[in-house]
Amino acid sequence: MKTNRPENPHQAALLRLLRDGPRSRAELNDLTSDAAAPSGQSYGASNWRMSRSKLNASLDRLVDLGLVEPDGLAESRGGRRSGRVRLSSTTRFAAIDIGATSVDVAITDGELNVLGHVSEPCDIRTGPAPVLDRVLDLVGKLREQGLYTQLIGAGIGVPGPVSFAEGVPVVPPIMPGWNRYPLRETISQELGCPAMLDNDVNIMALGELHAGVARQVNDFLLVKIGTGVGCGIVVDGKIYRGVSGSAGDIGHIGVDENGPVCPCGNTGCLEAYFGGSALATQAESAARSEASPYLAERLAAAGSLTAEDVAIAAAQGDPVAIKLIRDGGRRVGQVLAGLVSFFNPGLVIIAGGVARLGHVLLAEIRSVVYRRSLPLATGNLPIVLSELEDIAGVVGAARLISDHVYSS
């Protein structure tokens, strides 16, 4: 497995700058020279500072390594035109977002633009072997489409706790058979490139940081409401994972010790009250009791209900469906209010499949957070829905592995 990597922090810093698009050598000099650094601080960190000669030598070496290529000449800034450079046009990352009920695979270029994206239903509970067979089949389909000949890295997200250092899931409540499965190592061997593994919520947060509503925000929370509930925490532009990698697992914060049993084994967790699985259970109960004629009709026709059925019912004005959404939003808002007072983020993003319940859910969450959190924390706090939707996870997975490859 041979993948060229930057040889020092200067080269790594330049690659991360070029991940945002082609630049001229003059622009890169502006961003990395001491003269551009306010109060003696350079762009990003002190090891980014470099002289013009050091910059040009670093770029020339990156060209030799096949990581960077010339991109013509920039517009004149009053003198000789500066040469432009960009990441190699052949750079390809695989991005793999394994969810509870589906799997998404994408191929991106070095700038993390999605070149191809495929998705299909897949039950995580069937275990590692069948799920990874599907993942590799989907990666193979993208290769057959001519989207890549060689990968320089693969990023992976899974819906459960992950030991980031070891690259394995750890006792994931909704992933039977996956505990300590060597997922990072397996994908790396199968695809012949470095791989990185993280929780699916963290990769969605990275996706928002790179290409979503959080591009200009260094400190924010991303709350994913899908089959379960989780939170990605971004501090100073980086994912905060905690000591063992379990930071942000808010779905298992207790909201009522006398509440229903959660998949984790405890009672009264937020996830037991709200999330795709909990919402479907509540909807089926309402249908069977005939409290909601609309949901009863849907249940009779389909044999089961989903969060999407609740969304459709609410859009048609069904009062039971609207109440289910508001009750869930209130529970999420109660937990989030405490997090906002504690963390004081600059932005909160609501994402995931259940987030498509839309503005009824968002309004309830906002109402509770703004009412219960400290005024100083919420005075200028946007709480918004994700705009990336289906591609947040794959963009974030590509960002995850590119952070690894573009490091020294």
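User: Hi! Which domains does the domain assignment give for this protein?
Analyst: Hello! The assignment gives domain 1 (9–87), domain 2 (93–208 + 391–406) and domain 3 (215–385). Keep in mind that the model is predicted.

User: Let's begin with helix 2. Which of its residues are buried?
Analyst: Helix 2 covers residues 25–32, and A26, L28, N29 and T32 are buried there. Seen down the helix axis, these buried residues fall within an arc of 160°, so they line one face of helix 2.

User: And what do they pack against?
Analyst: The buried residues of helix 2 pack against helix 1 (9–18), strand 1 (23–24), helix 3 (52–64) and strand 3 (83–87).

User: Nice. Switching topic: how many residues are in contact between domain 2 and domain 3?
Analyst: On the domain 2 side 17 residues are in contact with 21 residues of domain 3. The area buried between the two domains is about 1400 Å², with 64% of that from carbon and sulfur atoms. Their centres, taken over C-alpha atoms, are separated by 24 Å.

User: How many salt bridges are there between domain 2 and domain 3?
Analyst: The count is two salt bridges. There are also two residue pairs in polar contact between these domains.

User: Which elements give two or more residues to the side of domain 2 that touches domain 3?
Analyst: Those are strand 8 (162–163) and helix 6 (200–211). Helix 6 gives the most, with seven residues.

User: One last thing: what does D198 form a salt bridge with?
Analyst: D198 pairs with R241 in a salt bridge, and their closest N and O atoms are 2.8 Å apart.

Key
Residues numbered from 1 in each chain as written. Predicted model: local features only at pLDDT ≥ 70, side-chain atom pairs only at ≥ 80, totals over all residues. Heavy atoms only, no water. Buried < 20%, exposed > 50% of the residue type's maximum accessible area, 1.4 Å probe, protein only. Helix = DSSP H or I, 4+ residues; strand = E, 2+ residues; numbered from the N terminus. Arc of directions from axis to C-beta. Contact = heavy atoms within 4.5 Å. Domains from an automatic or database assignment. Buried area = accessible area lost by both parts, 1.4 Å probe. Salt bridge = Lys/Arg side-chain N within 4 Å of Asp/Glu carboxyl O. Polar contact = N/O pair within 3.5 Å; in protein donor to acceptor, adjacent residues only side chain to side chain.
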